[in-house]
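The sequence and the structure are shown first, and the description follows.

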Amino acid sequence: MQIKRLVVGTAVVALALTMTACAGTRGGGAAAADPAANKGALVGVAMPTKTSTRWIHDGDAVKAGLEKLGYKVDLEYADDDIPTQVQQISNMLTKGAKVLVIASVDGTALSSQLDEAASKGVKVIAYDRLINGSKHVDYYTTFDNYKVGVQQATSLLEGLGVLDKNGTDTGAKGPFNIELFAGSPDDNNATFFFNGAMATLKPYLDKGVIKVGSGQTGFTQVATQGWQADVAKKRMQDLIASTYSSGKKVDGVLSPYDGLSIGIISALTGAGYSTAKLPIVTGQDAEIPSVKSIIAGQQYSTIYKDTRKLAGEAVTMTNDLLTGKTPAVNDTKSYDNKTKIVPTFLFQPVVVTKDNYTQALIDTGYYTAADLK
Ligand code: BGC
(Lines give C-alpha, C1' and ligand atoms only; values in the text may rest on other atoms or scores of the structure.)
Protein backbone atom coordinates (compact mmCIF):
# COMPACT_ATOMS: atom_id res chain seq x y z
CA MET A 1 0.00 0.00 0.00
CA GLN A 2 2.71 2.30 1.16
CA ILE A 3 4.73 1.53 -1.98
CA LYS A 4 1.71 1.89 -4.22
CA ARG A 5 0.90 5.31 -2.79
CA LEU A 6 4.49 6.36 -3.34
CA VAL A 7 4.40 5.21 -6.94
CA VAL A 8 1.12 6.98 -7.60
CA GLY A 9 2.45 10.08 -5.84
CA THR A 10 5.55 10.03 -8.02
CA ALA A 11 3.42 9.64 -11.11
CA VAL A 12 1.35 12.64 -10.12
CA VAL A 13 4.47 14.73 -9.56
CA ALA A 14 5.86 13.54 -12.90
CA LEU A 15 2.60 14.41 -14.60
CA ALA A 16 2.58 17.82 -13.00
CA LEU A 17 6.15 18.41 -14.17
CA THR A 18 5.29 17.28 -17.68
CA MET A 19 2.27 19.55 -17.74
CA THR A 20 4.37 22.48 -16.61
CA ALA A 21 6.91 21.55 -19.25
CA CYS A 22 4.34 21.34 -22.02
CA ALA A 23 2.10 24.18 -20.97
CA GLY A 24 4.19 26.86 -22.57
CA THR A 25 2.33 29.41 -20.47
CA ARG A 26 3.85 31.68 -17.95
CA GLY A 27 2.42 31.20 -14.52
CA GLY A 28 2.73 33.80 -11.80
CA GLY A 29 4.42 33.96 -8.53
CA ALA A 30 7.35 31.59 -8.08
CA ALA A 31 10.16 34.05 -8.53
CA ALA A 32 10.42 36.52 -5.68
CA ALA A 33 10.62 39.81 -7.53
CA ASP A 34 9.31 43.26 -7.09
CA PRO A 35 8.30 44.49 -10.56
CA ALA A 36 8.27 48.12 -9.46
CA ALA A 37 11.77 47.92 -7.98
CA ASN A 38 13.04 46.09 -11.04
CA LYS A 39 11.74 48.60 -13.57
CA GLY A 40 14.70 49.67 -15.71
CA ALA A 41 17.01 47.24 -13.85
CA LEU A 42 20.48 46.44 -15.10
CA VAL A 43 20.95 43.06 -16.81
CA GLY A 44 24.43 41.62 -17.39
CA VAL A 45 24.90 39.77 -20.67
CA ALA A 46 28.18 37.82 -20.89
CA MET A 47 29.08 36.42 -24.31
CA PRO A 48 32.15 34.26 -25.04
CA THR A 49 33.76 35.69 -28.15
CA LYS A 50 33.42 37.86 -31.22
CA THR A 51 35.41 35.48 -33.45
CA SER A 52 32.17 33.90 -34.59
CA THR A 53 29.37 36.14 -35.87
CA ARG A 54 26.70 34.03 -34.22
CA TRP A 55 27.70 35.36 -30.78
CA ILE A 56 27.65 38.94 -32.05
CA HIS A 57 24.10 38.44 -33.32
CA ASP A 58 23.12 36.74 -30.04
CA GLY A 59 24.55 39.57 -27.93
CA ASP A 60 23.02 42.32 -30.07
CA ALA A 61 19.61 40.66 -30.12
CA VAL A 62 19.49 40.07 -26.34
CA LYS A 63 20.57 43.66 -25.70
CA ALA A 64 18.04 45.15 -28.13
CA GLY A 65 15.21 43.00 -26.73
CA LEU A 66 15.94 43.96 -23.14
CA GLU A 67 16.36 47.64 -23.94
CA LYS A 68 13.01 47.61 -25.71
CA LEU A 69 11.48 46.50 -22.41
CA GLY A 70 13.18 49.39 -20.64
CA TYR A 71 16.07 47.49 -19.02
CA LYS A 72 19.66 48.67 -18.99
CA VAL A 73 22.18 46.22 -20.39
CA ASP A 74 25.87 45.59 -19.77
CA LEU A 75 26.92 43.43 -22.76
CA GLU A 76 30.46 42.04 -22.61
CA TYR A 77 32.53 39.69 -24.79
CA ALA A 78 35.31 37.65 -23.19
CA ASP A 79 37.66 36.95 -26.10
CA ASP A 80 37.35 33.23 -25.32
CA ASP A 81 39.37 33.92 -22.16
CA ILE A 82 38.19 32.47 -18.83
CA PRO A 83 39.72 35.09 -16.46
CA THR A 84 38.29 37.87 -18.65
CA GLN A 85 34.80 36.42 -18.38
CA VAL A 86 35.13 35.86 -14.63
CA GLN A 87 36.15 39.51 -14.23
CA GLN A 88 33.33 40.75 -16.45
CA ILE A 89 30.73 38.87 -14.41
CA SER A 90 32.19 40.17 -11.13
CA ASN A 91 31.95 43.70 -12.52
CA MET A 92 28.32 43.15 -13.53
CA LEU A 93 27.53 42.14 -9.96
CA THR A 94 29.37 45.15 -8.58
CA LYS A 95 27.39 47.41 -10.91
CA GLY A 96 24.15 45.96 -9.46
CA ALA A 97 22.91 43.69 -12.26
CA LYS A 98 19.67 41.94 -11.25
CA VAL A 99 19.86 39.09 -13.81
CA LEU A 100 22.88 37.57 -15.53
CA VAL A 101 22.55 35.99 -18.97
CA ILE A 102 25.72 33.98 -19.52
CA ALA A 103 27.11 32.10 -22.52
CA SER A 104 30.14 30.71 -20.73
CA VAL A 105 33.66 30.25 -22.05
CA ASP A 106 34.28 27.44 -19.56
CA GLY A 107 31.10 25.99 -18.11
CA THR A 108 32.82 25.04 -14.85
CA ALA A 109 34.74 28.20 -14.03
CA LEU A 110 32.05 30.49 -12.68
CA SER A 111 31.03 28.92 -9.35
CA SER A 112 32.24 31.65 -7.02
CA GLN A 113 30.67 34.41 -9.14
CA LEU A 114 27.39 32.49 -9.13
CA ASP A 115 27.59 32.04 -5.35
CA GLU A 116 27.92 35.80 -5.06
CA ALA A 117 25.01 36.29 -7.47
CA ALA A 118 22.80 33.99 -5.39
CA SER A 119 23.74 35.76 -2.16
CA LYS A 120 22.57 39.02 -3.74
CA GLY A 121 19.34 37.49 -5.09
CA VAL A 122 20.57 37.84 -8.68
CA LYS A 123 19.06 35.28 -11.07
CA VAL A 124 21.22 33.43 -13.59
CA ILE A 125 20.22 32.24 -17.05
CA ALA A 126 22.68 29.98 -18.89
CA TYR A 127 22.57 31.01 -22.54
CA ASP A 128 23.15 28.27 -25.13
CA ARG A 129 25.96 26.69 -23.05
CA LEU A 130 25.15 25.04 -19.73
CA ILE A 131 27.05 26.20 -16.64
CA ASN A 132 28.18 23.15 -14.70
CA GLY A 133 28.87 22.45 -11.04
CA SER A 134 26.81 25.27 -9.53
CA LYS A 135 23.30 25.04 -8.14
CA HIS A 136 22.86 28.76 -8.78
CA VAL A 137 21.89 28.36 -12.40
CA ASP A 138 18.19 29.17 -12.46
CA TYR A 139 17.26 28.56 -16.10
CA TYR A 140 18.82 27.47 -19.36
CA THR A 141 17.85 28.13 -22.93
CA THR A 142 19.49 26.36 -25.86
CA PHE A 143 18.94 24.24 -28.94
CA ASP A 144 18.56 20.48 -28.77
CA ASN A 145 22.31 19.87 -28.70
CA TYR A 146 22.18 16.07 -28.96
CA LYS A 147 19.97 16.44 -32.02
CA VAL A 148 22.51 18.82 -33.58
CA GLY A 149 25.03 15.95 -33.45
CA VAL A 150 22.51 13.50 -34.89
CA GLN A 151 21.80 15.91 -37.73
CA GLN A 152 25.50 16.49 -38.44
CA ALA A 153 26.19 12.77 -38.66
CA THR A 154 23.06 12.12 -40.70
CA SER A 155 24.07 14.75 -43.23
CA LEU A 156 27.59 13.29 -43.37
CA LEU A 157 26.11 9.86 -44.17
CA GLU A 158 23.77 11.44 -46.70
CA GLY A 159 26.62 13.33 -48.39
CA LEU A 160 28.60 10.09 -48.62
CA GLY A 161 25.62 8.35 -50.22
CA VAL A 162 25.13 5.92 -47.31
CA LEU A 163 21.70 7.42 -46.62
CA ASP A 164 19.35 8.93 -49.17
CA LYS A 165 17.59 12.30 -48.73
CA ASN A 166 14.87 10.62 -46.67
CA GLY A 167 17.41 9.13 -44.29
CA THR A 168 16.96 5.61 -45.70
CA ASP A 169 19.96 3.31 -45.95
CA THR A 170 20.97 3.05 -49.63
CA GLY A 171 22.92 -0.15 -49.10
CA ALA A 172 26.16 1.56 -50.16
CA LYS A 173 29.02 -0.63 -48.92
CA GLY A 174 31.91 1.83 -48.79
CA PRO A 175 34.20 1.64 -47.07
CA PHE A 176 34.32 5.43 -46.81
CA ASN A 177 37.22 7.02 -44.94
CA ILE A 178 36.12 9.66 -42.47
CA GLU A 179 37.74 11.75 -39.75
CA LEU A 180 36.06 13.13 -36.65
CA PHE A 181 36.34 16.52 -34.98
CA ALA A 182 34.65 17.64 -31.77
CA GLY A 183 34.29 21.02 -30.08
CA SER A 184 35.97 22.47 -27.03
CA PRO A 185 36.16 20.18 -23.99
CA ASP A 186 35.22 23.03 -21.62
CA ASP A 187 31.94 23.60 -23.49
CA ASN A 188 29.20 21.28 -22.26
CA ASN A 189 27.58 21.35 -25.70
CA ALA A 190 30.60 19.75 -27.34
CA THR A 191 29.97 16.34 -25.77
CA PHE A 192 26.26 16.49 -26.58
CA PHE A 193 27.08 17.18 -30.25
CA PHE A 194 29.68 14.41 -30.31
CA ASN A 195 27.52 11.84 -28.54
CA GLY A 196 24.59 12.51 -30.86
CA ALA A 197 26.86 12.16 -33.88
CA MET A 198 28.61 9.01 -32.67
CA ALA A 199 25.34 7.24 -31.83
CA THR A 200 24.25 7.92 -35.42
CA LEU A 201 27.54 6.82 -37.01
CA LYS A 202 28.01 3.74 -34.81
CA PRO A 203 25.96 1.21 -36.80
CA TYR A 204 27.86 2.16 -39.96
CA LEU A 205 31.23 2.06 -38.18
CA ASP A 206 30.30 -1.37 -36.78
CA LYS A 207 29.38 -2.64 -40.26
CA GLY A 208 32.56 -1.20 -41.77
CA VAL A 209 30.65 1.00 -44.22
CA ILE A 210 32.56 3.97 -42.80
CA LYS A 211 36.02 3.84 -41.24
CA VAL A 212 37.88 6.40 -39.21
CA GLY A 213 41.16 6.29 -41.11
CA SER A 214 43.31 7.58 -38.26
CA GLY A 215 41.59 5.38 -35.68
CA GLN A 216 41.03 8.51 -33.53
CA THR A 217 37.49 8.14 -32.23
CA GLY A 218 37.59 9.21 -28.56
CA PHE A 219 36.21 12.63 -27.60
CA THR A 220 39.47 13.79 -26.03
CA GLN A 221 41.45 12.70 -29.10
CA VAL A 222 39.25 14.65 -31.50
CA ALA A 223 38.28 17.68 -29.35
CA THR A 224 39.30 21.17 -30.46
CA GLN A 225 40.36 23.38 -27.56
CA GLY A 226 38.64 26.77 -27.66
CA TRP A 227 36.77 25.89 -30.87
CA GLN A 228 39.82 27.34 -32.68
CA ALA A 229 39.86 27.06 -36.48
CA ASP A 230 43.68 26.98 -36.53
CA VAL A 231 43.77 24.06 -34.10
CA ALA A 232 41.39 22.10 -36.34
CA LYS A 233 43.33 23.04 -39.47
CA LYS A 234 46.60 21.86 -37.93
CA ARG A 235 45.03 18.59 -36.79
CA MET A 236 43.59 17.98 -40.28
CA GLN A 237 47.04 18.66 -41.79
CA ASP A 238 48.59 16.19 -39.34
CA LEU A 239 45.94 13.58 -40.17
CA ILE A 240 46.54 13.97 -43.89
CA ALA A 241 50.29 13.55 -43.35
CA SER A 242 49.99 10.56 -41.02
CA THR A 243 47.12 8.65 -42.60
CA TYR A 244 46.42 9.82 -46.13
CA SER A 245 49.87 10.22 -47.66
CA SER A 246 49.93 7.06 -49.78
CA GLY A 247 47.06 7.67 -52.17
CA LYS A 248 44.33 6.94 -49.62
CA LYS A 249 41.67 9.70 -49.69
CA VAL A 250 39.52 11.28 -47.02
CA ASP A 251 35.86 10.94 -48.02
CA GLY A 252 34.19 12.80 -45.19
CA VAL A 253 34.86 14.89 -42.10
CA LEU A 254 32.51 15.30 -39.15
CA SER A 255 33.01 18.94 -38.19
CA PRO A 256 30.91 20.37 -35.33
CA TYR A 257 31.18 24.07 -36.19
CA ASP A 258 31.55 26.19 -39.34
CA GLY A 259 34.69 27.95 -38.12
CA LEU A 260 36.41 24.55 -37.83
CA SER A 261 35.00 23.46 -41.20
CA ILE A 262 36.69 26.43 -42.87
CA GLY A 263 40.02 25.41 -41.26
CA ILE A 264 39.52 21.77 -42.24
CA ILE A 265 38.67 22.64 -45.85
CA SER A 266 41.71 24.88 -46.03
CA ALA A 267 43.93 21.98 -44.85
CA LEU A 268 42.37 19.71 -47.49
CA THR A 269 42.80 22.15 -50.38
CA GLY A 270 46.32 22.92 -49.12
CA ALA A 271 47.09 19.21 -49.44
CA GLY A 272 45.88 19.10 -53.03
CA TYR A 273 42.17 18.18 -52.73
CA SER A 274 40.31 19.98 -55.51
CA THR A 275 37.61 22.47 -54.47
CA ALA A 276 35.42 20.83 -57.11
CA LYS A 277 35.58 17.47 -55.36
CA LEU A 278 36.09 17.95 -51.67
CA PRO A 279 35.28 15.38 -49.00
CA ILE A 280 31.86 15.78 -47.36
CA VAL A 281 32.37 18.31 -44.56
CA THR A 282 29.63 19.20 -42.05
CA GLY A 283 29.33 22.27 -39.81
CA GLN A 284 27.13 24.32 -37.50
CA ASP A 285 25.80 27.86 -37.11
CA ALA A 286 25.09 28.79 -40.74
CA GLU A 287 27.91 31.34 -40.67
CA ILE A 288 27.99 33.41 -43.85
CA PRO A 289 31.40 32.17 -45.14
CA SER A 290 30.23 28.56 -44.71
CA VAL A 291 26.85 29.15 -46.34
CA LYS A 292 28.71 30.69 -49.29
CA SER A 293 30.98 27.64 -49.33
CA ILE A 294 27.89 25.38 -49.36
CA ILE A 295 26.41 27.34 -52.26
CA ALA A 296 29.75 26.97 -54.09
CA GLY A 297 29.59 23.18 -53.56
CA GLN A 298 32.50 22.98 -51.09
CA GLN A 299 31.23 22.53 -47.50
CA TYR A 300 28.36 20.04 -47.59
CA SER A 301 26.09 21.11 -44.74
CA THR A 302 25.65 23.27 -41.68
CA ILE A 303 23.18 23.36 -38.83
CA TYR A 304 21.02 26.46 -38.66
CA LYS A 305 20.08 27.58 -35.18
CA ASP A 306 17.85 30.64 -35.29
CA THR A 307 19.61 32.79 -32.71
CA ARG A 308 16.74 35.31 -32.90
CA LYS A 309 14.53 32.76 -31.15
CA LEU A 310 17.16 31.97 -28.52
CA ALA A 311 17.78 35.64 -27.80
CA GLY A 312 14.02 36.26 -27.64
CA GLU A 313 13.67 33.49 -25.08
CA ALA A 314 16.48 34.86 -22.92
CA VAL A 315 14.74 38.24 -22.97
CA THR A 316 11.39 36.69 -22.03
CA MET A 317 12.95 34.65 -19.22
CA THR A 318 14.73 37.73 -17.87
CA ASN A 319 11.56 39.80 -17.97
CA ASP A 320 9.61 37.01 -16.28
CA LEU A 321 12.17 36.79 -13.49
CA LEU A 322 12.16 40.55 -12.96
CA THR A 323 8.37 40.79 -12.93
CA GLY A 324 7.67 37.87 -10.60
CA LYS A 325 6.61 35.30 -13.19
CA THR A 326 7.92 31.76 -13.58
CA PRO A 327 9.63 31.29 -16.94
CA ALA A 328 8.10 28.56 -19.11
CA VAL A 329 10.31 25.59 -19.93
CA ASN A 330 9.89 22.58 -22.21
CA ASP A 331 12.63 20.27 -20.90
CA THR A 332 13.11 19.23 -17.30
CA LYS A 333 15.29 16.16 -17.77
CA SER A 334 18.15 16.59 -20.24
CA TYR A 335 20.47 19.14 -18.69
CA ASP A 336 22.02 17.90 -15.48
CA ASN A 337 24.76 20.32 -14.45
CA LYS A 338 26.15 17.90 -11.82
CA THR A 339 24.33 19.66 -9.00
CA LYS A 340 20.77 19.84 -10.39
CA ILE A 341 18.74 19.43 -13.52
CA VAL A 342 18.44 22.91 -14.92
CA PRO A 343 14.96 23.77 -16.27
CA THR A 344 15.43 24.45 -19.94
CA PHE A 345 13.67 25.97 -22.91
CA LEU A 346 14.88 24.07 -25.99
CA PHE A 347 14.67 25.06 -29.64
CA GLN A 348 15.02 22.81 -32.66
CA PRO A 349 18.00 22.96 -35.03
CA VAL A 350 17.64 22.64 -38.83
CA VAL A 351 20.06 21.00 -41.31
CA VAL A 352 21.00 23.26 -44.21
CA THR A 353 22.50 22.11 -47.51
CA LYS A 354 22.63 23.56 -50.99
CA ASP A 355 19.12 22.15 -51.51
CA ASN A 356 17.30 24.14 -48.83
CA TYR A 357 19.41 27.17 -47.89
CA THR A 358 16.99 29.55 -49.64
CA GLN A 359 13.95 28.35 -47.69
CA ALA A 360 15.83 27.96 -44.41
CA LEU A 361 17.93 31.10 -44.37
CA ILE A 362 16.57 33.64 -46.82
CA ASP A 363 12.81 33.01 -46.72
CA THR A 364 12.97 33.17 -42.91
CA GLY A 365 14.71 36.55 -43.06
CA TYR A 366 17.81 35.24 -41.25
CA TYR A 367 19.93 36.48 -44.15
CA THR A 368 19.19 38.47 -47.29
CA ALA A 369 20.12 37.06 -50.68
CA ALA A 370 22.72 39.84 -50.88
CA ASP A 371 24.40 38.62 -47.64
CA LEU A 372 25.15 35.33 -49.39
CA LYS A 373 26.50 36.77 -52.68
C1 BGC B 1 27.47 26.58 -29.69
C2 BGC B 1 27.66 26.40 -31.16
C3 BGC B 1 28.96 27.07 -31.60
C4 BGC B 1 30.11 26.69 -30.71
C5 BGC B 1 31.35 27.48 -31.05
C6 BGC B 1 28.68 26.09 -28.96
O7 BGC B 1 28.51 26.21 -27.61
O8 BGC B 1 26.32 25.87 -29.28
O9 BGC B 1 26.57 27.01 -31.83
O10 BGC B 1 29.26 26.60 -32.89
O11 BGC B 1 29.79 26.90 -29.38
O12 BGC B 1 31.15 28.85 -30.87
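Where is the place of Pro175? In this predicted model, Pro175 is found in the loop between H6 and E6. The peptide bond that leads from Gly174 to Pro175 is cis, and its omega is near -5°. Asp80 belongs to the loop between strand E2 (72-77) and helix H4 (82-94).

## Domains

The chain is divided into two parts, domain 1 (2-137 + 306-347) and domain 2 (145-304). Taken over C-alpha atoms, the centres of domain 1 and domain 2 are separated by 32 Å. The contact between them involves 16 residues of domain 1 and 13 residues of domain 2.

## The sheet of six strands

An open sheet is built from six strands in the order E2-E1-E3-E4-E5-E11, and the pairing is parallel. Its edge strands, E2 and strand E11 (344-347), each pair on one side only. From one strand to the next, the twist averages 15°. Strand E5 (residues 139-143) runs parallel to E11 and is joined to E11 by four bridges. Within this pair, Thr141 has Phe345 of E11 as its bridge partner. Helix H12 (residues 307-322) packs on the sheet and touches strand E1 (42-47), strand E3 (99-102), strand E4 (123-127), E5 and E11. The direction of H12 makes about 170° with that of E5.

## The sheet of four strands

Another open sheet has four strands, ordered E7-E6-E8-E9, again with parallel pairing. Strand E7 (210-212) and strand E9 (280-281) are the edge strands, each with pairing on one side only. Strand E6 (residues 176-180) and strand E8 (residues 252-254) pair in the parallel sense, and three bridges connect them. Ile178 stands opposite Gly252 in E8. Helix H6 (residues 145-160) packs on this sheet, touching E6, E7, E8 and E9. The angle between the direction of H6 and that of E8 is about 175°. In general, strands of a sheet pair through backbone hydrogen bonds, in either a parallel or an antiparallel manner.

## Cavity and pocket

A search of the whole structure finds one cavity of 30 Å³ or more.

| Space | Volume | Lining residues | Nonpolar, polar and charged residues |
|---|---|---|---|
| Largest cavity | about 180 Å³ | 17 residues | four nonpolar, six polar, seven charged |
| Largest pocket | about 200 Å³ | 16 residues | five nonpolar, seven polar, four charged |

Which residues lie nearest the centre of the largest cavity? They are Trp55, Arg129, Trp227, Tyr257 and Asp285. Helix H3 (53-68) and helix H7 (188-207) are the elements that give two or more residues to the lining of this cavity. The largest cavity lies between domain 1 (2-137 + 306-347) and domain 2 (145-304), because both give residues to its lining.

For the largest pocket, the residues closest to the centre are Thr51, Ser52, Ala229, Tyr257 and Gly259. Helix H10 (258-270) and helix H11 (288-295) each supply at least two residues of the lining of the largest pocket. H10 gives the most to this lining, with three residues.

Why does the largest pocket lie between domain 1 and domain 2? Domain 1 (2-137 + 306-347) and domain 2 (145-304) both give residues to the lining of the largest pocket, so the pocket lies between them.

Definitions and conventions: Residues numbered from 1 in each chain as written. Predicted model: local features only at pLDDT ≥ 70, side-chain atom pairs only at ≥ 80, totals over all residues. Heavy atoms only, no water. Pairing = 2+ DSSP bridges. Contact = heavy atoms within 4.5 Å. Axes fitted to C-alpha atoms, helices over the stretch in contact; angles between N-to-C directions. 1 Å grid on protein atoms, 1.4 Å probe; cavity = no way out; pocket = protein on both sides within 12 Å on 5 of 7 lines; lining within 4 Å. Points joined across faces, edges and corners; volume = space filled by probe spheres on them. Nonpolar A, V, L, I, M, F, W, Y, C, P; charged D, E, K, R; others polar. Domains from an automatic or database assignment.
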